[in-house]
Amino acid sequence: MSQEWQFIAIFIVLAPIFPAAPVILNHLLGPRKPNPIKQQTYECGIETVGDSWVQFKVQYYIYALVFVIFDIEAVFLFPIAAAFDQLTLFAIVEIVIFVVLLSMGLAYAWGRGALEWI
Amino acid sequence: MTTDQVIFIILSVITLGTALLVVTLRNLFHAALALMATFLGVAGLYVMLDAGFLAAAQLLVYIGAISILLIFAIMMTRRLMSADEPAFNSQVWAALVTAVVGFLVVLWAILRLTGLGTEDLSILWRAPVDSKPIGLDVLPYIQNSVAAMGQAFVDPNGFVLPFEIASVLLLAGLVGAIIVAWPKAEDEES
Amino acid sequence: MIPLSWYLIVAALLFSIGLFGVMSRRNAVAILMSVELMLNAVNINLVAFWRYVWYDNVDGLVWAVFVLTVAAAEAAVGLALIISVYRSRDSVVADELDTLKN
Amino acid sequence: MSFDIVEFLKSLVSLNVAEYLKTVVGDQAWVNFVSDVIGVVIISTFCLLIVIFLIWLERKVIARMQDRIGPNRVGGRYGLLQTVADVIKLLIKEDITPAGADKLAYWLAPFLTVIAALLIWAVMPFAPGVIGVDLDIGVFYVLAISSASVVALLLAGWGSNNKYALLGAFRAVAQLVSYEVPMILSLLVPILLARSMSTVDIVEAQTVPFIFVVPLAAVIFMISALAETGRTPFDLLEAESEIVSGFHVEYGGMKFGMFFLAEFISTLFMSGFFTTMFLGGYRLFGLENLVIGDGWAIGRLLGLIIFFVKMFAVYFLFIWIRATWPRVRVDQILNFNWKFLVPLSLVLILAIAVLDKVIPADAGIYARSSILLLANLLIAMFAIEIMRTVARRKRKESSGDAAMTIDESEHNDVHDAHDSHHEVAAAH
């Protein structure tokens, strides 16, 4: 493992302490008198009907879908941008083709109305 | 045992343990959480292998994007998977046997590894090379593997074809997924 | 020092676990998750061989990124299929989806 | 090398105590380990403590902007200890876990948000050489870690077993993943100009701060940063009037405090990151390299001050925006992103890539910068023109039924505010 990632590793190990300390302190200091009413789900005052399950629109999934595509695009484009000095004009044309192809996906989703809310 | 080895063992235990949870947990949401921990463990292994960029990409794509898709899908299809349903189908034992046999076969293959262009199996048991193997040309940009990757993506002698095909694949995936997932007109009426 | 074989064995174990999941789970989403495990195992192997054997070029890393891409596309389409099937058949249990049988 | 008090003071002024002590003790593995641990503790405690000040600042500034006084009781007439009192209040609240909650997800979520918000500070360059670690994939690392905080929202929403929480989490996730796209694309521009993903390299490349080279990218980043941190006008994440309070409605005590904390830490991070990527970070006319006398390198200290001044100026802008603008509707937020920001940033990144390659390499830095600036302004003009045309057409369409324009629009607003209730009701 390279030296620079050692810092990140230590950070990941130590980071949970910082949120844990106040939460544990809260757990120790706070009163503890649970009762069924208090632990009810906070919705409309009346007791919750059914599960919190709601039939969600497929819209949410579509947004996440388009996001995934652009995420992958980032994984390709970030190293390319870092290597920009060594690139030829031909490479730029390839990048343009790549981005345009992905934009067609966005355009398709748009044209189909998949990006409309509701 | 060196520090590296201890870290490696911890990471592998996390990876494999949570992977086992993924395939055994009945609660799908918890299985997805375990899957995220597996991804994290694998990212750790990438860092151990000096592939920091890939570790970050793993986090960005797997945890940031694919896990969210998975959780959305779990939430959208949750109603019928109540907790008391069995997690496994009828061929669970056959599956177990296949997996164990498959692992043993792969282990056998690993231990008599071929195809590396060398009959010398000591490569399995020694430390990684930090410098280049003798007799091979070192690309001038190898010091920075990330930039080298970027160049390889668009290098006409490198990976330009897979790179463009990847964009076509993603486009096809996006369009296909929208077509499949989008509710048809008759569904909306009911 | 960590020898190459350790990585290969961990990857093989991860792959076997994924294989077991694919064959034994009932829920289609869970099967997809198991497939992701198998793809991850493949990626560990790619990166390990890159680091230990072919450190002089970046082919291993590049292929690992392509595997990542394929995994994302597969998950996107697979989950869309599952959602669509769920909507029409009210089920995500892989065994019960047998319209094409006989 | 033995310990020398003058050298030590010099290293103290030039902010490289760690390097100096390493030369004294010797460069061993455990020394590195200890200095890393100390670095982590310093960064983390800085983040936690500064939030106390940030909350006070935000309340005070917004109060002044809205012609109120703001906190003025606890801790003198400026209410300096108000936040401390709030923290103590949160600490002695009862720790409730709602019935039917998914305990694992419910407890994991607040930890995950704070951890993600802290971890991204590791690559923030505070001053020359004063940085957690200069990763060669710095910017990408930030994106990767902050994408994990989206998962935390889903965990919170799911774990609470509450319709409003889940609904809020879904909306928040839709917003966050959507705005991550223009953020990624706008961050590509400085990387492309600096030819590196390392944050230090990007700062060093800014002889001309990138905001003067690619102002459009800076604006896009600013907007998506506002959305990513869930601040007004994109504060749907906690729209009290619409979905009670969003994903953290079931949280109380310090667990709620953790979400609050993470929000402020990441807002400050975004200000700092904006400073790093577009405002030249700790650089200001070479002041950061100043050395006076024999080896009193106070430049680093100046760099630290410069960085903080810039960062808080950006943070002040965040507060200003919050005090000024109303909340935007959820469909407007998402439409604005997918149909304006993303196409715009795609065009921008392609234009910059092509231009940067076409401009001959021997053109001076100022010539290059001004060509890029011109291209930016042109693209921005076109974008605004397109937006105006579309808006005009929309207005014309809606004035077709002119009689009810005013009534109807008011009615629509009311209708929208209750939309979430309809969604819930439809599910029953």
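How many residues of chain B are in contact with chain C, and how many residues of chain C are in contact with chain B? The contact joins 82 residues of chain B to 64 residues of chain C. The model is predicted.

## Chain B and its side towards chain C

Chain B has 7 helices and 0 strands, and its pattern along the sequence reads α-α-α-α-α-α-α. Of its 190 residues, 43% are buried. Among the contacts in chain B with a separation of 6 or more, 40% are between residues 24 or more positions apart.

On the side of chain B that touches chain C, at least two residues come from each of helix 1 (3-24), helix 2 (28-48), helix 3 (52-76), helix 4 (92-111), helix 5 (145-154) and helix 6 (160-181) of chain B. Sorted by class, that side of chain B consists of 64 nonpolar, 13 polar and 5 charged residues.

## C:Ala64

C:Ala64 is part of helix 3 (residues 59-89) of chain C.

Leaving aside residues up to four places away in sequence, C:Ala64 touches B:Leu54 from chain B, along with C:Asn43, C:Leu46 and C:Val47 from chain C. C:Val29 is 35 residues from C:Ala64 in sequence, and the C-alpha atoms of C:Val29 and C:Ala64 are 24 Å apart in space.

## Chain A with chain C

The contact between chain A and chain C takes 6 residues from chain A and 6 residues from chain C. On the side of chain A that touches chain C, the class counts are 6 nonpolar, no polar and no charged residues.

## Chain A helix 2 and chain D helix 5

Two packed helices are described by the angle between their axes and the distance between the axes. For helix 2 (residues 17-29) of chain A and helix 5 (residues 103-119) of chain D, the axes come within 8 Å and cross at roughly 140°. Helix 2 of chain A and helix 5 of chain D are therefore oblique to each other, since an angle has to be over 145 degrees to count as roughly antiparallel. The crossing of helix 2 of chain A past helix 5 of chain D is right-handed.

Which residues make this contact? Helix 2 of chain A contributes A:Phe18, A:Pro19 and A:Ala20. Helix 5 of chain D contributes D:Pro110, D:Phe111, D:Val114, D:Ile115 and D:Leu118. By class, the contact between helix 2 of chain A and helix 5 of chain D has 8 nonpolar, no polar and no charged residues.

## The two domains of chain D

Chain D is assigned two parts, domain 1 (1-92) and domain 2 (93-333). Taken over C-alpha atoms, the centres of domain 1 and domain 2 of chain D are separated by 19 Å. The contact between these domains involves 22 residues of domain 1 of chain D and 25 residues of domain 2 of chain D.

Which elements give two or more residues to the side of domain 1 of chain D that touches domain 2 of chain D? They are helix 1 (5-13), helix 3 (29-65) and helix 4 (82-91) of chain D. Helix 3 of chain D gives the most, with 12 residues. By class, this side of domain 1 of chain D has 14 nonpolar, 5 polar and 3 charged residues.

Methods:
Residues numbered from 1 in each chain as written. Chains lettered and ligands numbered in written order. Predicted model: local features only at pLDDT ≥ 70, side-chain atom pairs only at ≥ 80, totals over all residues. Domains from an automatic or database assignment. Contact = placed C-beta atoms within 7 Å. Helix = DSSP H or I, 4+ residues; strand = E, 2+ residues; numbered from the N terminus. Nonpolar A, V, L, I, M, F, W, Y, C, P; charged D, E, K, R; others polar. Axes fitted to C-alpha atoms, helices over the stretch in contact; angles between N-to-C directions. Parallel < 35°, antiparallel > 145°, perpendicular 65-115°, else oblique. Left-handed = near helix turned anticlockwise from the far one by under 90°. Buried ≥ 20, exposed ≤ 12 C-beta atoms within 10 Å, placed from the backbone.
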